[in-house]
Amino acid sequence: MVIDKKFTPNEPTIEMGCLDWCKNACIAACPTRALKGNGTIDPRKCISFLTYFGQGITPKKIREPMGMYVYGCDRCQNICPRNSPWLAQDLPVNKRVAEKADDFGLSLLLHMDKEYFETKVWPHMFYMSYDDIWRWKMNVARAMGNSRDEKYIADLIRAFDENEDEKVKGMCAWALGHIGGDKAMKALERFKQKSEGLVFDEITDALKNT
Ligand code: SF4
Ligand code: SF4
């Protein structure tokens with residue numbers, strides 16, 4: 001937080017200040033069970049941490065609970081009753097944000113190049129640089145898989161063919177397996193002929209689901 005005034009700080013506090021009646025709404029709402037209680041969190045399960053900073057391909061058992069989130073989550077913040085007065089305000093639509101919504105379609109994000117990323121995405125979502133573009137694409141592929149929408153099959157096939165990164169290829173294979181169907185299965189069988197290692201294993205598992 002940046003402020004433009006000098007002030008005298010009071011005593012720091014680690015008090016959580018949770019409401020007695022809340023009964024841990026945030027813990028119940030967390031899709032991946034990352035909140036462990038007593039104010040602790042397992043970042044390896046937190047969607048926000050994983051989508052910005054996760055290393056390696058996202059573990060299989062957490063892909064489905066991560067749902068359609070691509071960049072961050074904050075469901076625990078949105079559910080907290082201490083935030084509800086602010087969230088309930090009838091605020092006007094932010095026109096600047098609304099005008100950019102079309103730039104953030106899943107297909108556009110999956111195929112974005114350096115120029116697209118640095119002009120349309122990075123100025124607003126800057127936790128990852130272009131060096132980490134694989135993580136953006138892996139997150140998008142996982143969201144497409146969780147949509148189970150056949151309209152994404154062509155995008156996932158194209159992304160598998162065009163990307164070198166094994167984490168992106170592996171997640172495209174997972175997503176195709178998750179969506180399923182004849183077209184996805186045929187693509188996975190073609191990919192399998194020329195794949196090895198992590199990608200081969202992902203394809204093998206994905207074929208079991210189609
Ligand atoms: S940001 Fe999402 S995944 Fe992370 S602790 Fe909160 S609800 Fe759970
Ligand atoms: S939802 Fe808010 S008030 Fe309730 S336990 Fe979580 S942080 Fe505390």
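Helix H11 is mostly covered, with 13 of its 14 residues buried, where a residue is buried if 20 or more other C-beta atoms lie within 10 Å of its own, exposed if 12 or fewer, and partly exposed in between, the C-beta atoms being placed from the backbone. The model described here is a predicted one, in which local features need pLDDT of at least 70 and side-chain atom pairs count only at pLDDT 80 or more, while totals for chains, interfaces and linings use all residues. Residues are numbered from 1 along each chain as its sequence is written, and chains are lettered from A and ligands numbered from 1 in the order in which they are written.

The protein chain contains 13 helices and two strands; helices (H or I, at least four residues) and strands (E, at least two) are DSSP runs, numbered from the N terminus. Its C-alpha trace spans about 65 × 35 × 30 Å along the principal axes, and 29% of the 210 residues of the chain count as buried. Of the contacts in the protein chain with a separation of 6 or more, 64% are accounted for by residues 24 or more positions apart, two residues being in contact if their C-beta atoms, placed from the backbone, lie within 7 Å.

In soluble globular proteins, nonpolar side chains tend to be buried together. The largest nonpolar core here has 42 residues, of which Ala-141, Leu-156, Cys-172, Ala-173, Ala-175 and Leu-176 touch the most other members; such a core is a set of buried Ala, Val, Leu, Ile, Met, Phe, Trp, Tyr and Cys residues joined through C-beta atoms within 7 Å. Helices that each supply at least two residues of this core include H2, H9 (133-147), H10 (153-162), H11 (166-179) and H12 (182-193), and the largest share, eight residues, comes from H11. Leaving aside neighbours within four places in sequence, Ala-175 is in contact with Ala-141, Arg-142, Met-144, Gly-145 and Leu-156. Just after H11, Gly-180 takes a positive phi of about 75°.

Helix H12 has 12 residues and reaches 17 Å from its first C-alpha to its last, close to the 16 Å expected at 1.5 Å a residue, the expected span being 1.5 Å times one less than the number of residues. Within H12, Ala-184, Ala-187, Leu-188 and Phe-191 are buried, and they lie on the same side of the helix because they cover an arc of only 100° around its axis, the arc being that of the directions from the helix axis to the C-beta atoms. The buried residues of H12 pack against H10, H11 and H13, whereas Asp-182, Glu-189 and Gln-193, on the other side of H12, are exposed.

Glu-202 lies in helix H13 and is buried, with 27 other C-beta atoms within 10 Å. Not counting residues up to four places away in sequence, Glu-202 touches Gly-170, Ala-173 and Trp-174.

Two ligand surroundings were also examined. Ligand 1 is surrounded by 13 residues, the closest being Cys-30, Cys-46, Ile-47, Cys-73 and Cys-76, where a residue is near a molecule if its C-beta atom, placed from the backbone, lies within 6 Å of it. Helices H2 (47-53) and H4 (75-79) are the elements that give two or more residues to this shell. By class, the shell around ligand 1 has nine nonpolar, two polar and two charged residues; Ala, Val, Leu, Ile, Met, Phe, Trp, Tyr, Cys and Pro count as nonpolar, Asp, Glu, Lys and Arg as charged, and the others, Gly among them, as polar. The residues around ligand 2 include Cys-18, Cys-22, Cys-26 and Cys-80, and its shell has eight nonpolar, one polar and one charged residues.
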